[in-house]
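Subject: Structure handover and notes

Hello,

The structure is pasted below, followed by my notes on it. Please read them with the coordinates open.

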Amino acid sequence: MRLEPLPNPSPLRSVGVTLLALGLAFALVGGVFWAYGLSPLEAYRTMLEGTLLDPRGWQEVLRRTIPLLLIGAGLSLAFRTQFYNIGAEGQLLLGAVLAAGVALFLPLPPALSLPAMALAAALGGALWCGLAAWLKNRFYVNEILTTLMLNYVAQSLVIYLINGPWRGKDVRGYIYSDRFAEYQQLPVLLGSNVHWPTLALGIALALLLQLLLFRSTLGFRLRVVGENPGAARYLGISQSRAFLVVALITGGAAGLAGFGEIAGIHHRLIEPTQLSSGYGFTAIIVAWLARGNPALVLLTAPLMGLILAGGDVLKVSFNLPFRIVDVFSGVMLFALIGSELFLRYRLRHR
Amino acid sequence: MKIRLLALLVALGLGLGLAQQSNLKACFIYVGPIGDVGWTYAHDEGRRAAEKAIPGLTTQYVESVKPADTLATVDRLVAGGCNVIFTTSFDFMDQTLEAAKKYPNVIFAHASGFKRAPNMLTYMADFYQIYYLNGLMAGALTKSGKVGYVAAFPIPELKRHISAFALGVRAVNPRATVNVKWINAWYSPVKAREATEALIAEGNDIVAFTEDTATVIQTAARRRVPSFSHYNSMYKYAPDYVVSGQLVDWSVIYIDILKKVQNGTYTPKNLENVDYWWLARERAVMLGAQVGMPINPKFEPALKQATMVVNGKRMSVYDRVMELYRDIQSPNPKWDPFTGPIRDRNGVLRVPAGRRMTVKELNEMQWVAPGVVGPVPDEPK
């Protein structure tokens, strides 16, 4: 047996390999359920019943889809350009910080408050990621490392703020900011936590980025930079500028996700781990699944949202350990990255 | 024929009604993982004991629930048939109240909070008396006069515990200090280890803590520094170094609440003023390195040798600890650590002579006792 390179894998092969990888992941996690003494079929049935066949379940799936959609769409663009932004979590947090700053300290007319918060959040996320792009362009610092490390800086910044200058007045020793005013909270679908303006924003962003990537000159440049940096240089396409543009877009999208979380759900700046549930990291899987097509995130984000919400159902229904969701995402990413090999190579007997 | 059918229906209805009485389903929402060896583990022990003790009771739990997810979790639990829901963290307070309004026929019980409703009671097993006893022992055992304390959040509960502990330390050793490091986390082994190592490096030769892991004990034992068990029996992690500690038994509270729900004493309409504030007297808390071992025998000689003056009489610290422990376990305890006059560490008189702090005052306490060293947020000047 040997591997034979495939110069141009067909889209069909891409879909097939992705589905196989997903199937393998579900089978492996099924094995985990089985080892836990739970029938895999029953576990998956419960997951689906508790999410898709239950209106409350839908709300939970959608609530988790929103940040994944925003971040995932941006990331799929970045990965396409070979700009490996692992710091969406930090960019989300910085978006939340700036949005909270505007909400708490900038006296604005109520009608302008929410748009200003959103704008500030996008700006915060964009700058946080732009910093990594600047370091990469100017000093050739690997963006995987800088974006990853900037996550921790952002976390510490949030903790500093809610523990110090932004600490709320009536928090009884806990650490969080004051609550935002009513007009600084995003409207939600009746009786749920689904902040629909951000959901609409995410859908629009995914479609827009798809258009940008495949129907514009800028998109063409980005794709060339991503697929063949040598050719890009030959054509006179500036790699640095491509990285900077992509960084600002993907960071801005993550910042918006941060705005959605605090203006739609928490209504105050809170501890980083409570604020985001690791959406910035989960979105990496969402983007990877979409294989560089921002519009496909419209499918992959709800899928991941389904798994996150389904994990909660399992926790409640079978008293499964709370880490089960992490196992899910981990196995899935593992299978997906492993499947890359079969995307670009074909297995030949003899 | 019709009458017979009607009778059958009525009988069925009655039967169902009766079945509902005995079909008690209690559900628990936990803030941490049940394997934390601390707060959540203790609640889960209580849940299991209650399930064993009450016939007809089934239970269910959900671990590591984020406060923002409380309402969604309650939705699922109610849909699954829970009639009593325990939310076991202060962070869940506002969401529990919201859930209580949404489900007026479900009984909610919130641990450590202060907001109640006709169908929502509050409960707490508090350690402050036990912390004072541990303070006495720490004061007797420290040679450097510096006692370390790893603390989670600067909330009233911890200020009360640290202050009671410091009052105990100073009762034996008036010049000793209790050096506090806040880690701003209930469950963070990394932060707890860093704080413990820093405290030991700064010369503290005995440590106590309030957070939800056994890390402080393990870290201190590696440096041969004695420590106090918190929440659960942690003696097994360092048998040579755990002096004593404060242990909880939530099952007495859970069994009491659930029995009263089962026999109809508690309904979703009469809980507005039900607040459990249970101490050693109710056996909700105990002194000990582990259950059944109030003081580690390895430290008994040293504690018997150390002496202190009580009301002009000299007695061994060991005898004082035992005397007070017997008192707070009796039906009518005569002693309480927060009996005036008590000044805070800035010299302001907080409890006038001859008065004891009320439960409300204890729950809202923001000042700290003399001897506590280190920054304390929200401290009144």
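In which hand, left or right, does α5(A) pass α10(A)? The crossing is right-handed, where right-handed means that the near helix is turned clockwise from the far one by less than a right angle, and left-handed that it is turned anticlockwise.

First, the conventions. This is a predicted model, in which local features need pLDDT of at least 70 and side-chain atom pairs count only at pLDDT 80 or more, while totals for chains, interfaces and linings use all residues. Residues are numbered from 1 along each chain as its sequence is written, chains are lettered from A and ligands numbered from 1 in the order in which they are written, and side-chain values use heavy atoms, with hydrogens and water left out.

Helix packing in chain A

Helix α5 (residues 110-139) and helix α10 (residues 239-266) of chain A pack at about 145°, their axes 6 Å apart. Helices (H or I, at least four residues) and strands (E, at least two) are DSSP runs, numbered from the N terminus. Axes are lines fitted to C-alpha atoms, for helices over the stretch in contact, and angles run from 0 to 180 degrees between N-to-C directions. Contact means heavy atoms within 4.5 Å. On the α5(A) side the contact includes A:Ala118, A:Ala122, A:Gly125 and A:Cys129, and on the α10(A) side A:Phe243, A:Gly251, A:Gly252 and A:Phe259 are among the residues involved. By class, the residues of this contact are 15 nonpolar, 8 polar and 1 charged. Here Ala, Val, Leu, Ile, Met, Phe, Trp, Tyr, Cys and Pro count as nonpolar, Asp, Glu, Lys and Arg as charged, and the others, Gly among them, as polar. A:Cys129 is buried, at 0% relative accessible area; buried means under 20%, exposed over 50%, and partly exposed in between (1.4 Å probe, protein chains only).

α5(A) also packs against helix α6 (residues 143-163) of chain A, at an angle of about 145° and with the axes 9 Å apart. This crossing is right-handed. Among the residues in contact are A:Trp128, A:Leu131 and A:Leu135 of α5(A) and A:Thr146, A:Leu150 and A:Val153 of α6(A). The contact has 7 nonpolar, 2 polar and 2 charged residues.

Elsewhere in chain A, A:Ser329 is found in helix α14 (residues 324-344). A:Ser329 is buried, with a relative accessible area of 13%, and touches A:Ile285 and A:Met304, leaving out residues up to four places away in sequence.

The disulfide in chain B

Over all chains the count is 1 disulfide, defined as a pair of cysteine sulfur atoms within 2.5 Å. B:Cys27 is joined to B:Cys82, with S to S at 1.9 Å. The link of B:Cys27 and B:Cys82 is left-handed, at -75° about the S-S bond. B:Cys27 lies in strand β1 (residues 24-29) and B:Cys82 in the loop between α3 (70-79) and β3 (84-87), so the pair ties together parts 55 residues apart in sequence. B:Cys27 is buried at 0% relative accessibility, and B:Cys82 is buried at 4%.

Other points in chain B

B:Ala214 is in the loop between β8 (207-210) and α8 (215-222). B:Ala214 is buried, at 5% relative accessible area. Apart from neighbours within four places in sequence, B:Ala214 is in contact with B:Val37, B:Met234 and B:Tyr237.

Just after α9(B), B:Gly264 takes a positive phi of about 85°.

Regards
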